[in-house]
Amino acid sequence: MRYNVAQLLKAQSGQTRQYTLHEDISHLDPDIVPLTMLDGDIQFIRSVDGIFVFGTLHTSLELTCVRCLTQFALPLEFTLEEEFRPTIDVYTGVALPLPPDDEVATQIDAHHELDLAEVIRQNLLLAIPLQPLCRSKCAGLCPVCGQNLNEGSCDCRTTEIDPRLEKLKALLEDEL
Ligand SMILES: [Zn+2]
Ligand SMILES: [Zn+2]
């Protein structure tokens, strides 16, 4: 996901470039299991200090439902809005001063290449829900027998006893 932006760095601010992304992201991060390619359109805009990157990207990831523990496909869409800064002057090759808190992920390298991989990784991880659910009303697993209650009910539910009543029952039995 590297783009040579030497020409755009030489252009006036406001100049743009458009790219269509179609990337295999299966090696982007061990926590990301893509089921499709990463697709979308991105726009580079020459800013005063560097290059703004805007884009809307989509893919489909394999996630594990927190309730029923089955794997399911979740289509995800996320946006990129990042400003990349050159580290080297495109005309003179002289190193440019960068703000002390500048992130390496948004630096344009000495070969005038801008790499989208790290900002895509970060934004994609943020787009993944913290508590993924296979469906909004996932019934989960039976706590007694482990039956996936989305696929059918089990016999445990009718005989299930409230744990507080269970304690009371034990106390009563002790007294008898
Ligand atoms: Zn589920
Ligand atoms: Zn059960």
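Biologist: Does R85 count as buried, partly exposed or exposed?

Modeller: This is a predicted model, and the label comes from the relative accessible area, where buried means under 20% and exposed over 50%. R85 has a relative accessibility of 23%, so R85 counts as partly exposed.

Biologist: With which residue does R85 form a salt bridge?

Modeller: A salt bridge needs a side-chain nitrogen of Lys or Arg within 4 Å of a carboxyl oxygen of Asp or Glu. For R85 the partner is D49, and the closest N and O atoms are 3.8 Å apart. D49 sits in the loop between β3 (38-46) and β4, while R85 belongs to strand β5, so the pair links distant parts of the chain, 36 residues apart. D49 is partly exposed because its relative accessibility is 41%.

Biologist: How many salt bridges does the count come to?

Modeller: The count comes to seven salt bridges. One of them joins the side chains of R2 and D109, at 2.7 Å from N to O. R2 is in strand β1 (residues 2-4) and D109 is in the loop between β6 (107-108) and β7 (113-115), 107 residues apart. R2 also forms a salt bridge with D115, with 3.2 Å between the closest N and O atoms. Because R2 lies in strand β1 and D115 in strand β7, this pair ties together parts 113 residues apart in sequence.

Biologist: Which residues do salt bridges with shared partners join into one network?

Modeller: The network consists of R2, D109, E113 and D115. R2 is partly exposed, with a relative accessible area of 45%. D109 is also partly exposed, at 22%, and D115 is partly exposed at 26%.

Biologist: Now the metals. Which residues coordinate the zinc ion (ligand 1)?

Modeller: The donors of ligand 1 are the SG atoms of C65, C68, C134 and C138, at 2.2 to 2.3 Å. Their spacing along the chain is C-x2-C-x65-C-x3-C. Within this set, C68 and C138 are 70 residues apart and link distant parts of the chain. Both C68 and C138 are buried.

Biologist: Why is the arrangement around ligand 1 tetrahedral?

Modeller: The ideal angle for four tetrahedral donors is 109.5 degrees. Around ligand 1 the four donor atoms subtend angles of 107 to 114°, which makes the arrangement tetrahedral.

Biologist: What are the protein donors of the zinc ion (ligand 2)?

Modeller: They are the SG atoms of C142, C145, C154 and C156, lying 2.3 Å from the ion. The spacing in sequence is C-x2-C-x8-C-x1-C. Angles of 104 to 113° make this arrangement tetrahedral. C142 is buried, at 3% relative accessible area, whereas C145 is partly exposed, at 44%.

Conventions
Residues are numbered from 1 along each chain as its sequence is written. Chains are lettered from A and ligands numbered from 1 in the order in which they are written. This is a predicted model: local features need pLDDT of at least 70, side-chain atom pairs count only at pLDDT 80 or more; totals for chains, interfaces and linings use all residues. Side-chain values use heavy atoms; hydrogens and water are left out. Donors are N, O and S atoms within 2.8 Å of the metal (3.2 Å for Na, K and Ca); water is not among the atoms, so sites may look incomplete. Four donors count as tetrahedral if all angles lie between 85 and 135 degrees; four count as square planar and six as octahedral if opposite donors are over 155 degrees apart and all others between 65 and 115; anything else is irregular. Buried means under 20% relative accessible area, exposed over 50%, partly exposed in between (1.4 Å probe, protein chains only). Helices (H or I, at least four residues) and strands (E, at least two) are DSSP runs, numbered from the N terminus.
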